[in-house]
There are 2 protein chains.
Amino acid sequence: MEFKEAKNKFVQTWGALGSQWGINKTMAQIHALLMVSNEPISMEDVMEELQISRGNASMNLRALMDWGIVYKEYKAGERREFFTAEKNLDELAVKIARERSKREIKPALKVLKEVSSIDSNATEEERHFVDQTTKLYDFVLKADNMLEKATEFKDNWLGRLVIKIMK
Amino acid sequence: MEFKEAKNKFVQTWGALGSQWGINKTMAQIHALLMVSNEPISMEDVMEELQISRGNASMNLRALMDWGIVYKEYKAGERREFFTAEKNLDELAVKIARERSKREIKPALKVLKEVSSIDSNATEEERHFVDQTTKLYDFVLKADNMLEKATEFKDNWLGRLVIKIMK
DNA sequence: TTAAAGTTTCAAAAATAAATGAAAGTTTAT
DNA sequence: ATAAACTTTCATTTATTTTTGAAACTTTAA
């Protein structure tokens with residue numbers, strides 16, 4: 001396999017993976033492209049390389065910046081803006097985890113708390129509902145905390161130990 | 001909030017959460033419904049409760065069974081089939097993690113290995129590509145292993161300790 | 001057997017999500 | 001101030017994913 005082919009395959013695969021995990025395909029592809037580029041890329045280049053429209057490129061680059069995993073760069077003497085990706089993978093994981101937690105898990109937790117707090121527990125059916133949603137709330141909360149804490153592992157001796165044992 | 005309203009809200013929320021994480025909405029909703037039901041539910045009931053077609057119900061129940069998180073049950077003297085969800089949340093998490101790893105992460109790892117193994121490293125650009133995809137491969141592999149090992153935590157004293165510390 | 005009760009399949013329709021592109025908006029150099 | 005270079009927005013179009021529903025299939029009881 002030659003370089004260009006490999007690069008393309010990587011971008012496609014990363015895009016597919018993204019869309020299976022609820023991140024839009026183009027967003028993931030742009031990210032992939034920036035990840036493996038050794039130098040900043042202009043919007044024009046992104047459009048060209050992925051064969052997408054200006055609007056699409058603009059919106060998804062913006063989204064990536066909102067997530068904090070892509071940065072704008074200015075080159076001296078250049079009018080255009082260039083983009084680079086966060087290349088430190090631990091940092092990347094932290095930011096993605098935080099963002100998804102904030103956007104999706106936290107709101108879901110709120111609802112779980114609400115629905116598990118109804119006072120009606122007259123019937124067996126209702127008791128089971130309250131019991132099960134309460135357990136779910138505790139579980140999701142714990143998982144969310146783990147995600148958060150896991151992101152602190154990298155600078156943390158215990159974390160390293162745990163990872164070593166788990167490996 | 002009364003019971004019926006709470007139940008509905010829970011089903012809707014679980015459905016939305018599912019679709020944000022790449023699991024189709026109806027599949028997640030059916031799962032939610034079964035999770036909070038204290039007794040087995042027939043396909044007819046699922047259709048009725050979620051207002052979906054027979055085909056849709058059938059396909060998604062099948063998918064849930066393929067994931068191993070919903071079971072068929074037979075009631076004595078009843079022709080129809082009934083369904084129940086895995087209600088143990090640790091077990092549920094294990095099965096979802098295994099399934100997604102198998103379906104999505106493993107294939108992605110295969111591609112990452114391939115593209116990071118191209119022998120061309122003539123230019124700076126190519127060297128950076130190989131370097132970055134190699135790191136990504138290692139990272140994803142490690143994350144995948146963690147997911148797998150994390151699923152063994154529940155029966156494991158060290159795991160409990162770690163969770164306690166992380167909490 | 002056979003027919004009733006139930007389940008699955010899959011081509012077509014509907015719903016949803018994403019992409020386009022042209023117009024509006026910015027910024028910068030002169 | 002203005003015009004060139006570039007970016008953003010968003011109504012419309014396009015692509016993708018999900019759902020439907022009717023026909024085919026399977027199972028069971030008589």
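**Exercise 1. Find the residue of strand 3 of chain B that stands opposite Tyr71(B), and describe the sheet around this pair.**

Step 1. Tyr71(B) stands opposite Thr84(B), which belongs to strand 3 of chain B; helices (H or I, at least four residues) and strands (E, at least two) are here DSSP runs, numbered from the N terminus. The model is a predicted one, in which local features need pLDDT of at least 70 and side-chain atom pairs count only at pLDDT 80 or more, while totals for chains, interfaces and linings use all residues. Residues are numbered from 1 along each chain as its sequence is written, chains are lettered from A and ligands numbered from 1 in the order in which they are written, and side-chain values use heavy atoms, with hydrogens and water left out.

Step 2. Over five bridges, strand 2 of chain B and strand 3 (residues 81-85) of chain B pair in the antiparallel sense, where pairing requires that DSSP finds at least two bridges between two strands. Strands of a sheet pair through backbone hydrogen bonds, either parallel or antiparallel.

Step 3. The open sheet of chain B consists of three strands in the order 1-3-2, with antiparallel pairing. Strand 1 (41-42) and strand 2 (70-74) of chain B are at the edges and have a single partner strand each, so one side of each is left without a neighbour in the sheet.

Step 4. Helix 2 (residues 25-35) of chain B lies across strand 1, strand 2 and strand 3 of chain B, and runs at about 85° to strand 3 of chain B; contact means heavy atoms within 4.5 Å, and axes are lines fitted to C-alpha atoms, for helices over the stretch in contact, with angles that run from 0 to 180 degrees between N-to-C directions.

**Exercise 2. Determine how chain A and chain B are related to each other.**

**Exercise 3. Describe the protein surface near DNA strand C.**

Step 1. DNA strand C is surrounded by 18 residues, the closest being Thr26(A), Ser53(A), Asn56(A), Arg79(A) and Arg79(B); a residue is near a strand if one of its heavy atoms lies within 4 Å of it. Sugar and phosphate make up 60% of the atoms of DNA strand C that come within 4 Å of the protein.

Step 2. A phosphate oxygen of DNA strand C lies 2.2 Å from a polar side-chain atom of Thr26(A), and one is 2.6 Å from a polar backbone atom of Ser53(A); a polar contact is a pair of N or O atoms within 3.5 Å, and within protein one must be able to donate a hydrogen and the other to accept it, while residues adjacent in sequence count only if both atoms are side-chain atoms.

Step 3. Helix 4 of chain B provides the largest share of this surface near DNA strand C, namely four residues.

**Exercise 4. Describe the surface near DNA strand D in the corresponding way.**

Step 1. Around DNA strand D there are 18 residues, and the closest are Arg79(A), Thr26(B), Ser53(B), Asn56(B) and Arg79(B).

Step 2. A phosphate oxygen of DNA strand D is 2.3 Å from an N or O atom in the side chain of Thr26(B).

Step 3. Helix 4 of chain A gives the most to the surface near DNA strand D, with four residues.

Technical notes
Copies are superposed by least squares on the C-alpha atoms of residues with pLDDT of at least 70 in both.
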